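I opened the notebook on a new model today.

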Amino acid sequence: MKGVNDSRFLRACRREPVDCTPVWFMRQAGRYMEEYRRVRERYSLLEICRTPELAARVTLQPIRRLDLDAAIIFADILLPLQSMGIDFDFSKGEGPVIHNTLRTPNDIRNLEVPHPEEGPVSVFEAIRLVRRELDSKIPLIGFAGAPFTVASYLIEGGYSRRFVNTKMIMYYHPESWHDLMKKLTTMTIQYLQGQVKAGAQAVQLFDSWIGCLCPADYTSFVLPYSKSIFERLRPLGIPTIHFGTGTAALLELMRRAGSDIVGVDWRIGLKEAWRRLGGKVGIQGNLDPVAMLGPRDKLKEKVEQVLEQAEGKVGHIFNLGHGILPETPVENVEAVIEWVKQKSKRTHSVKSRAAKAVSAVGARRKKR
Ligand code: CP3
């Protein structure tokens with residue numbers, strides 16, 4: 001029997017040929033699903049994240065209903081911050097709110113790096129539960145927020161449009177900034193190692209908001225830390241995905257961070273992204289999540305455009321360019337999965353590649 005290592009998703013992560021392009025969606029467990037909304041009527045987001053049985057149940061909801069090629073553990077990028085003494089909540093419709101924001105060098109100095117054993121153990125337990133339930137063909141992805149994106153929440157107190165406070169720490173207090181990044185890097189490495197030990201078969205690093213930085217700032221304030229995370233994960237032998245939005249101008253630099261796959265959003269075509277990344281890396285993406293709300297024919301056209309841009313290359317993983325929106329009709333998600341599988345089926349291309357190879361041999365023979 002073929003094991004999970006032969007799954008489409010893990011094969012694509014290793015840039016091996018697949019029968020069709022694997023597909024999963026960021027935030028695939030969430031409010032667009034009735035099953036999820038029912039759980040949320042009874043429990044808060046944090047209660048779900050901190051109760052392994054609930055987190056496992058919610059992780060599996062989209063897997064049971066949809067023909068997805070990977071599961072992602074249900075948690076949030078802010079979860080491990082609790083063990084660093086950070087107090088936060090999720091307010092309705094506004095996303096995370098951090099109550100003790102970091103604003104001064106002193107705040108940063110006082111931030112504790114948790115002991116490796118003190119991470120969010122509920123996430124590790126949820127991973128173990130999910131792995132027990134998952135079909136052997138479906139791999140489980142673990143994840144963490146990248147130091148920059150997590151730092152931006154810690155400093156701004158929530159989502160930010162301009163990241164003024166974050167950049168002011170970088171510019172006025174560079175030493176404190178680097179100290180903060182070091183602490184978050186240590187915590188992130190421990191957290192991801194713990195997830196892999198618990199059974200995660202790939203990990204994604206979410207650096208959702210790095211697109212707000214110019215290349216020079218990315219290089220000096222962010223890249224060394226992301227790079228050190230991927231370096232420390234490499235010996236674990238699992239594939240790594242590095243995701244950000246608005247990264248068109250940063251792709252060459254993200255490549256240097258060293259993940260196996262780079263996740264890109266819809267603001268850049270996949271051909272251009274691949275050219276910039278230099279080929280020897282996989283790409284995840286990049287349908288606009290808003291297209292999922294549009295008319296069917298337009299949606300289908302956009303799915304096809306993504307696949308055409310990917311040109312059936314090894315190492316393409318179909319996903320959205322950012323998380324699925326709560327307004328998304330679940331039928332559209334089903335349709336997208338089906339279209340991706342139909343349109344990307346490799347029997348034709350494998351055959352035609354074989355046919356091309358045969359005719360190339362023929363042509364060479366004739367020449368002789
Ligand atoms: O992909 C999955 O199915 C796993 C679940 C997941 C959640 N958060 C649960 C969640 C993942 C991968 C995350 C990552 C996350 N969290 C990121 C990086 C990805 C991205 O979207 O950029 C960020 C920036 C956060 C912080 C965060 N948490 C925000 C900005 C919000 C509000 C967004 C919103 O849609 O309201 C959250 C809350 C949150 N985390 C929800 C979910 C499913 C909202 C649903 C709810 O309240 O029940």
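I started with the make-up of the shell around the ligand. By class, I found 14 nonpolar, four polar and four charged residues there. I note here that the model is predicted.

Next I looked up which residues come closest. The shell has 22 residues, and the closest are Arg 27, Arg 31, Tyr 36, Arg 40 and Ser 208. I then asked which secondary-structure elements supply at least two residues of the shell each. I noted α2 (34–42) and β3 (95–98).

For Tyr 36, an N or O atom of the side chain is 2.5 Å from a ligand oxygen. For His 322, a side-chain N or O atom is 2.6 Å from an oxygen atom of the ligand.

How much of the ligand's accessible area does the protein cover? On its own the ligand has 860 Å², and the protein covers 90% of that. I also checked where the ligand sits, and it is in the largest pocket.

Last, I turned to the whole chain. I counted 15 helices and nine strands in the protein chain. Its radius of gyration is 21 Å, close to the 21 Å from the globule rule for 368 residues, so the chain is as compact as a globular protein of that length. Along the principal axes, the C-alpha atoms fill a box of roughly 75 × 45 × 40 Å.

Terms used:
Residues numbered from 1 in each chain as written. Predicted model: local features only at pLDDT ≥ 70, side-chain atom pairs only at ≥ 80, totals over all residues. Heavy atoms only, no water. Near = heavy atom within 4 Å. Polar contact = N/O pair within 3.5 Å; in protein donor to acceptor, adjacent residues only side chain to side chain. Areas by Shrake-Rupley, 256 points an atom, 1.4 Å probe, with all protein chains shown as cover. 1 Å grid on protein atoms, 1.4 Å probe; cavity = no way out; pocket = protein on both sides within 12 Å on 5 of 7 lines; lining within 4 Å. Sits in = over half its atoms within 2 Å of the grid points. Helix = DSSP H or I, 4+ residues; strand = E, 2+ residues; numbered from the N terminus. Nonpolar A, V, L, I, M, F, W, Y, C, P; charged D, E, K, R; others polar. Rg over C-alpha atoms; globule rule 2.2 N^0.38 Å.
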